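Please read the following note with the sequence and the model at hand.

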Amino acid sequence: MKVAILDSGCRYADKNINVTNEDELRDRGHGNVVGSIIKDIAPNCYLVSIKVTEHGVCNNELLARGLVQCLIEEVDIINISLGLSAMTDNVAGLIDFLVGEGVTIICASGNNCVCYPANYPKVISVGACSSDGKPTDYTLFGYYDVLERDRYEYQGRIYYGTSFACARYTGKLA
């Protein structure tokens, strides 16, 4: 299974691609945690990290570049553990095309916000839940397709949020 992470870069990836104007070695923190979760759950997946953030921020242009790279790399699953306040027609068209080609796109639903592409109907939107299966306080009711546990320990620190629930769900599908 070939899995792409569209994030801040990941040192655990089998292949790294940078679609930004920023140095590849900067800004990997969030992507490292996401990649670590996926690799812990699906150690045999082939992980392609596509860096789509500059100074920790993604926009529609960078996300579109990342989605084009997913086409080039012929991935099976795309993990997008980040969100935008709005989505362009270009990004929507790329998602439509990828899904039409059989690619599964999994997105974090957002922490206390409605974000895109998670709120787009062609993707799987993942909210976070506690160990009892109830949505967390920061997972907005009605803005997710599935719930997944989000708590994850990485390098001695505990991480919470829909990003990490999304990564766990991606790992299970991979």
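1. Helices and strands in this note are DSSP runs, numbered from the N terminus: a helix is H or I over at least four residues, and a strand is E over at least two.

2. The model is predicted: local features need pLDDT of at least 70, side-chain atom pairs count only at pLDDT 80 or more, and totals for chains, interfaces and linings use all residues. Residues are numbered from 1 along each chain as its sequence is written, and side-chain values use heavy atoms, with hydrogens and water left out.

3. The protein has four helices and nine strands, and along the sequence they follow the pattern β-β-α-β-α-β-α-β-β-β-β-β-α. The C-alpha trace spans about 40 × 35 × 30 Å along its principal axes. For 174 residues, a compact globule would have a radius of gyration near 16 Å, and the 14 Å of the protein agrees with this. The radius is taken over C-alpha atoms, and the globule rule is 2.2 Å times the number of residues to the power 0.38.

4. Of the 174 residues, 53% count as buried. Buried means under 20% relative accessible area, exposed means over 50%, and partly exposed lies in between (1.4 Å probe, protein chains only). The accessible surface comes to about 7,900 Å², and 47% of this surface belongs to carbon and sulfur atoms. Among contacts with a separation of 6 or more, 66% are between residues 24 or more positions apart; a contact means heavy atoms within 4.5 Å.

5. In what order do the seven strands of the open sheet lie? The order is β2-β3-β1-β4-β5-β6-β7, with parallel pairing. The edge strands are β2 (15–18) and β7 (146–149), each of which pairs on one side only. From one strand to the next, the twist averages 25°. Two strands pair if DSSP finds at least two bridges between them. In general, the strands of a sheet pair through backbone hydrogen bonds, either parallel or antiparallel.

6. Strand β1 (residues 2–7) runs parallel to β4 and is joined to it by four bridges; here I5 stands opposite N79 in β4. Strand β4 (residues 77–80) also pairs with β5 in the parallel sense, over four bridges, and I80 has C107 in β5 as its bridge partner. Between β4 and β5 comes helix α3 (residues 89–100), and the three elements make a right-handed β-α-β unit. Right-handed means that, with the strands pointing away from the viewer, the path from the first strand over the helix to the second runs clockwise. Strand β5 (residues 104–108) is mostly covered, with four of its five residues buried. Three bridges join β5 to the parallel strand β6 (residues 124–129), where I124 is the bridge partner of I106.

7. Is L84 buried or exposed? L84 counts as buried because its relative accessibility is 7%. Not counting residues up to four places away in sequence, L84 touches C58, N59, N60, L63, C115 and Y116. The C-alpha atoms of L84 and C58 are separated by 7.5 Å, although the two residues are 26 apart along the chain.

8. E73 is found in helix α2 (residues 60–73). At 10% relative accessibility, E73 also counts as buried. E73 touches K2, K15, I17 and V48, again not counting residues up to four places away in sequence.

Technical notes. Accessible areas come from the Shrake-Rupley method with a 1.4 Å probe; for residues, only the protein chains shown count as cover. Axes are lines fitted to C-alpha atoms, for helices over the stretch in contact, and angles run from 0 to 180 degrees between N-to-C directions.
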